[in-house]
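Please walk me through this structure one feature at a time.

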Amino acid sequence: MIRALTRKLTLALALTLLALPAASHAQTMFRFPISMLGDQCGNGGCVVSAYKDYGGRDYACGGVRYSGHTGTDYALSGGFGKMDYGVWVMNAASGVIESSVDGYYDRCNYWNQSNPYAACGLYTANYMIMRHGDGSKTLYWHLKKFTQQFARNTSLSCAYWVAQVGSSGASTGPHLHFEYWVPGYGTDDPYGGACGTPFTRWTSQGAYRGLPGIACQ
Ligand SMILES: [Zn+2]
């Protein structure tokens, strides 16, 4: 009886663990990863152009995604003019800059699908990857050339101006591709909703198609 119960409990625990996304106790939560000042993403300066794709739907069961998209795209409403003016990407939580790449052409308006190593190809984006206290990582993609402010291995508390939004790599216009990654699990989604994970990783997720809040954890 006890053994059967134990087995049942073990099975229940195993199923619970399988059902949960990889997450530690000290879960890192994020703020919106771009400045919300009035001349930055404030006043409608940025819009969500694509969420993570869940096989044809986004986390909220809407269609704001494209096939195979692994992160969230925040586009500059003002296009290349606004990119030239300068819009600051901010690290979404405290952490360490784990890797970064810079120096690639940053005014792409198409995706060069024939050669991933050429300008505007899949592998020629300027980017930064940050590792957080719970082991999760945030990826900041398509950055403007030579705007990164910190070297690899730099530890930062939340919300520094780390680089500017650009259009390097496979990018059709100035936007930040923000991606959330969990070790042992892979690409995840910071948004929680009916067609995605039930858990949000934002300190304040905000409305669908709106922007998350800027409070740091
Ligand atoms: Zn994207």
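Q: Over which residues does pLDDT stay under 50, and how many contacts beyond four places in sequence does the model have for them?
A: pLDDT is the predictor's confidence in each residue, from 0 to 100. A contact means heavy atoms within 4.5 Å. Here pLDDT stays under 50 over residues 9-19. For that stretch the model has zero contacts beyond four places in sequence.

Q: What is the mean pLDDT of the protein chain?
A: The mean is 92, and 88% of the residues reach 70 or more. This is a predicted model, in which local features need pLDDT of at least 70, side-chain atom pairs count only at pLDDT 80 or more, and totals for chains, interfaces and linings use all residues. Residues are numbered from 1 along each chain as its sequence is written, and side-chain values use heavy atoms, with hydrogens and water left out.

Q: Which residues coordinate the zinc ion?
A: Look for donors: N, O and S atoms within 2.8 Å of the metal (3.2 Å for Na, K and Ca). Water is not among the atoms, so sites may look incomplete. Here the zinc ion is coordinated by His 69 through NE2, Asp 73 through OD and His 177 through ND1. The distances are 2.0 to 2.1 Å.

Q: How are the donor residues of the zinc ion spaced in sequence?
A: The spacing reads H-x3-D-x103-H. His 69 lies in the loop between strand 1 (46-50) and strand 2 (72-76), and His 177 in strand 9 (residues 175-182), so this pair ties together parts that are 108 residues apart in sequence. Helices (H or I, at least four residues) and strands (E, at least two) are DSSP runs, numbered from the N terminus.

Q: Are His 69 and His 177 buried or exposed?
A: Buried means under 20% relative accessible area, exposed over 50%, and partly exposed in between (1.4 Å probe, protein chains only). Both His 69 and His 177 are buried.

Q: How many salt bridges are there?
A: Side chains of opposite charge can pair when their charged atoms come close. The rule asks for a side-chain nitrogen of Lys or Arg within 4 Å of a carboxyl oxygen of Asp or Glu. By this rule the count is four salt bridges.

Q: Which residue forms a salt bridge with Asp 53?
A: The partner is Arg 65, with the closest N and O atoms 2.9 Å apart. Both residues sit in the loop between strand 1 and strand 2, 12 residues apart. Asp 53 counts as buried because its relative accessibility is 13%. Arg 65, at 24%, counts as partly exposed.

Q: Where are the two ends of the pair Asp 84 and Arg 107?
A: These two form a salt bridge, with the closest N and O atoms 2.6 Å apart. Asp 84 is in helix 2 (residues 79-85), and Arg 107 is in the loop between strand 4 (95-101) and strand 5 (127-131). They are 23 residues apart. Asp 84 is partly exposed at 43%, and Arg 107 is partly exposed at 32%.

Q: Which residues are linked in a network of salt bridges?
A: Glu 98, Arg 131 and Lys 137 are linked this way. Arg 131 and Glu 98 meet at 2.8 Å, N to O. Arg 131 is in strand 5 and Glu 98 in strand 4, 33 residues apart. Relative accessible area is 34% for Arg 131, which is partly exposed. Glu 98 is partly exposed too, at 27%.

Q: What does Ser 167 touch?
A: Find its place before its neighbors. Ser 167 is in the loop between strand 8 (161-164) and strand 9. It counts as buried because its relative accessibility is 0%. Not counting residues up to four places away in sequence, Ser 167 touches several residues, among them Phe 80, Met 83, Arg 107, Cys 108 and His 142.

Q: Where does Asn 43 lie, and what about its phi?
A: Asn 43 is in the loop between helix 1 (2-19) and strand 1. Its phi is near 55°, a positive value in a residue other than glycine. Asn 43 counts as exposed, at 72% relative accessibility.
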